[in-house]
Amino acid sequence: MKLATLFLTVVAVGSSLLPAPCSGQSGSWKTLRTTFLVSYDMVFTSDDTGYVAGQHAVLRTTDGGTSFHPLPFPVDTSHTIFESMSFPTHQIGYVCGYIDSTNTGLKAVSVLMKTTDGGGTWIRLPLDSSFDLFKIDFPTPIVGYYMAYASNAGASTPARLAKTIDGGMTWKTIIFDDTFLVSRMSFRNENEGFFGHEYKLMPTSVRLFYTGDGLATSEVRDGSLAPIGGVTSLIPTSDGAWLITTDYRYARSIDNGRSWKLDTIPGEDFAGLLAASGRLVFEANQSLSVDTIHVSTDYGLTWPVKTGLSDKGFIELMSVPSKKTAYLTMQSDTFEHQKVIMKWTNTDNLTVESLRVSNGDLSVCYNANLVEFRYSAKAIGNSIQLYDMMGRTQPIELPTNSRGVTRLNASRLKPGVYFAALNGSRVKFMIGAR
């Protein structure tokens, strides 16, 4: 028996910088409701509670989609288009939209509303109504951002990007330029986020920007993507971002957008959307009628799973509140083109807790209770060195007949950072609290 030394962390030193799952299986989708409203945004704050915004209503469910009920607003909802929602907590949320001037004789007026009790009651916030809000993002209950069109401009001319630090009571304009077209925005916290253009808005000058200081400054972050065709989905992660471009590409960054790796999902060109919860990521094609969705359990590094839908159609929106549940809205591929909402349940126990990091001859797959070492057969006679954060050796028995795989009960290891080394390969990972 050889002594082995091992370590745990989410970051790898070497060839693999992102964790990957040990395994992945499919869950199941079912249709919850047909003849659903035209949907422009969907947010779920838990597995059971969520909101769908669209024409003339925002609907809420508190029973996992079994039933939806319209929310009361202090505006004429029969003439209001609800464009965007953001819920930084389960109780505090924001909804924006505009009063449609069609058949009313009224000038279109933007509205922004806030709830502090999970949608039970709402107040209308003061707002410059000369701009039509179409996107809001509140990474915290009081810090938020909006994008807006100039009311007297063309329907595809965003002209304002603004910020609030007092829960929407007052706003400071950050960008005000009819030629600077912003159509995508997503923040991971109050200071860090990405924003950029969609191809159809500005086909000759598509840009993607990153800010790390709440829009006090911003940097172009699409150098390795140029010329990108535009951005249809944009999601910040803990160390970077994912995006889908309008010219059928998927890209991933692990350095806040300084560099990007372009990938494809095997067997399909796609121009669609991403939705994520932690390491669990769903990708759907919005440009084709589909009956399957791709699933990744490792931040989009690999896409081992395709889940089948209970209906076929054009997917509009997705929301993933947790590793157990996901939702989507779809225009079904039927003669009536019904609007439906569907729910995914992790019936097959999709594995998203076990991570894998590797470097050279050594790969480590781990979670809070189990560590699995993988290495080439020629390395069996060598010891895997395992150290804790202080450099202290952690002994492990490495069977000589292990055939390149050794499993360790990690429950005896204290939570913290560990390092494993084998034949010059070094891997870092972390055992979390149990």
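I293 touches W29, F282, E283, A284, V305, K306, T307, L309, I315, M318 and L328, leaving aside residues up to four places away in sequence; contact means heavy atoms within 4.5 Å. The model is predicted: local features need pLDDT of at least 70, side-chain atom pairs count only at pLDDT 80 or more, and totals for chains, interfaces and linings use all residues. Residues are numbered from 1 along each chain as its sequence is written, and side-chain values use heavy atoms, with hydrogens and water left out.

**Nonpolar cores**

- The largest nonpolar core has 20 residues, of which W29, F282, I293, L309, I315, M318 and L328 touch the most other members.
- Strand 24, strand 25 (280-285), strand 26 (290-296), strand 27 (305-322), strand 28 (325-332) and strand 29 each supply at least two residues of this core.
- Strand 27 gives the largest share of this core, five residues.
- Another core, of 16 residues, lies apart from it and includes L362, V364, V371 and L422.
- A nonpolar core is a set of buried Ala, Val, Leu, Ile, Met, Phe, Trp, Tyr and Cys residues joined through side-chain atoms within 4.5 Å.
- Buried means under 20% relative accessible area, exposed over 50%, and partly exposed in between (1.4 Å probe, protein chains only).

- Seven strands form an open sheet in the order 3-29-28-27-26-25-24, and the pairing is antiparallel.
- Strand 3 (28-33) and strand 24 (272-277) stand at the edges with a single partner strand each, so one side of each has no neighbour in the sheet.
- From one strand to the next, the twist averages 30°; axes are lines fitted to C-alpha atoms, and angles run from 0 to 180 degrees between N-to-C directions.
- Five bridges join strand 3 to strand 29 (residues 339-345) in the antiparallel sense, and W29 stands opposite W344 in strand 29.
- Two strands pair if DSSP finds at least two bridges between them.

- Strand 5 (residues 50-54) pairs with strand 6 (residues 57-61) in the antiparallel sense over five bridges, and G50 stands opposite T61 in strand 6.

**Salt bridges**

- The whole structure holds four salt bridges, each being a side-chain nitrogen of Lys or Arg within 4 Å of a carboxyl oxygen of Asp or Glu.
- In one of them, the closest N and O atoms of R188 and E192 are 3.2 Å apart; R188 is partly exposed at 23% relative accessibility, and E192 is partly exposed at 21%.
- E219 and R221 form a salt bridge at 3.2 Å, N to O; E219 is partly exposed at 43%, whereas R221 is buried at 4%.
- R392 and D388 form a salt bridge with their closest N and O atoms 2.8 Å apart; R392 is exposed at 51%, whereas D388 is buried at 10%.

**Whole chain**

- The protein chain has zero helices and 37 strands; helices (H or I, at least four residues) and strands (E, at least two) are DSSP runs, numbered from the N terminus.
- Of the 434 residues in the protein chain, 53% are buried.
- Among contacts with a separation of 6 or more, 51% join residues 24 or more positions apart.
- The accessible surface comes to about 18400 Å², of which 50% belongs to carbon and sulfur atoms; accessible areas come from the Shrake-Rupley method with a 1.4 Å probe, and for residues only the protein chains shown count as cover.
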